Amino acid sequence: MTNKSVIQTENAPKAIGTYSQAVKAGDTVYLSGQIPLVPETMEVVAGDFAAKTRQVFDNLRAVCEAAGGELKDIVKLNIYMTDLANFATVNEIMATYFQEPYPARAAVGVAALPKGVPIEMEAVMVLS
């Protein structure tokens with residue numbers, strides 16, 4: 001694919017495996033999963049589940065911006081949580097980062113996530 005480009009920013013955590021932070025193909029950007037790592041230290045952010053969720057949204061925003069977009073350009077958001085009891089907290093925090101129309105979304109309970117974190121999110125963004 002000749003119109004494929006890799007998105008990279010120092011404002012989000014570096015990839016900790018064999019993947020890119022995001023890949024742009026045409027006007028669509030596929031954002032890899034973000035966990036609550038602080039970009040400068042690559043350590044999990046301190047604090048409760050809410051703090052970790054905000055860090056994930058901040059990391060997603062940084063990758064969106066590096067690709068030339070914003071969070072509002074996300075059309076699909078997948079959220080993975082190790083405890084679905086935190087779903088209400090995610091909704092409350094998401095409402096501070098997004099306005100209607102909200103992206104399509106899935107929230108999935110999983111057994112474990114990298115580095116033992118309680119939440120990870122990946123997204124698809126379309127640039128206009």
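**Exercise 1.** In this predicted model, where is Tyr102 found? Decide also whether Tyr102 counts as buried, partly exposed or exposed.

*Solution.* Begin with the secondary structure, which places Tyr102 in the loop between H2 and E7. Next take the relative accessibility of Tyr102, which is 46%; since buried requires a value under 20% and exposed a value over 50%, Tyr102 counts as partly exposed.

**Exercise 2.** Determine how many aromatic pairs the model holds, and classify the geometry of the pair formed by Phe57 and Tyr97.

*Solution.* Counting ring centres that lie within 6.5 Å of each other gives two aromatic pairs. For Phe57 and Tyr97 the centres are 4.9 Å apart and the planes stand at 25 degrees, so this pair is stacked, given that stacking requires planes under 30 degrees apart. Locating the partners then shows that the pair links distant parts of the chain, with Phe57 in helix H1 (residues 49-66) and Tyr97 in helix H2 (residues 87-97), 40 residues apart. Both Phe57 and Tyr97 are buried.

**Exercise 3.** Classify the pair of Phe57 and Phe98, and state which residues form one aromatic cluster.

*Solution.* The ring centres of Phe57 and Phe98 are 5.9 Å apart with planes at 70 degrees, so the pair is edge-to-face. This pair, too, links distant parts of the chain, because Phe57 belongs to helix H1 whereas Phe98 lies in the loop between H2 and strand E7 (104-109), 41 residues apart. Both Phe57 and Phe98 are buried. Finally, Phe57, Tyr97 and Phe98 form one aromatic cluster.

Key:
Residues are numbered from 1 along each chain as its sequence is written. This is a predicted model: local features need pLDDT of at least 70, side-chain atom pairs count only at pLDDT 80 or more; totals for chains, interfaces and linings use all residues. Side-chain values use heavy atoms; hydrogens and water are left out. Rings of Phe, Tyr and Trp (its six-membered ring) pair if their centres lie within 6.5 Å; planes under 30 degrees apart count as stacked, over 60 as edge-to-face and the rest as tilted. Helices (H or I, at least four residues) and strands (E, at least two) are DSSP runs, numbered from the N terminus. Buried means under 20% relative accessible area, exposed over 50%, partly exposed in between (1.4 Å probe, protein chains only).
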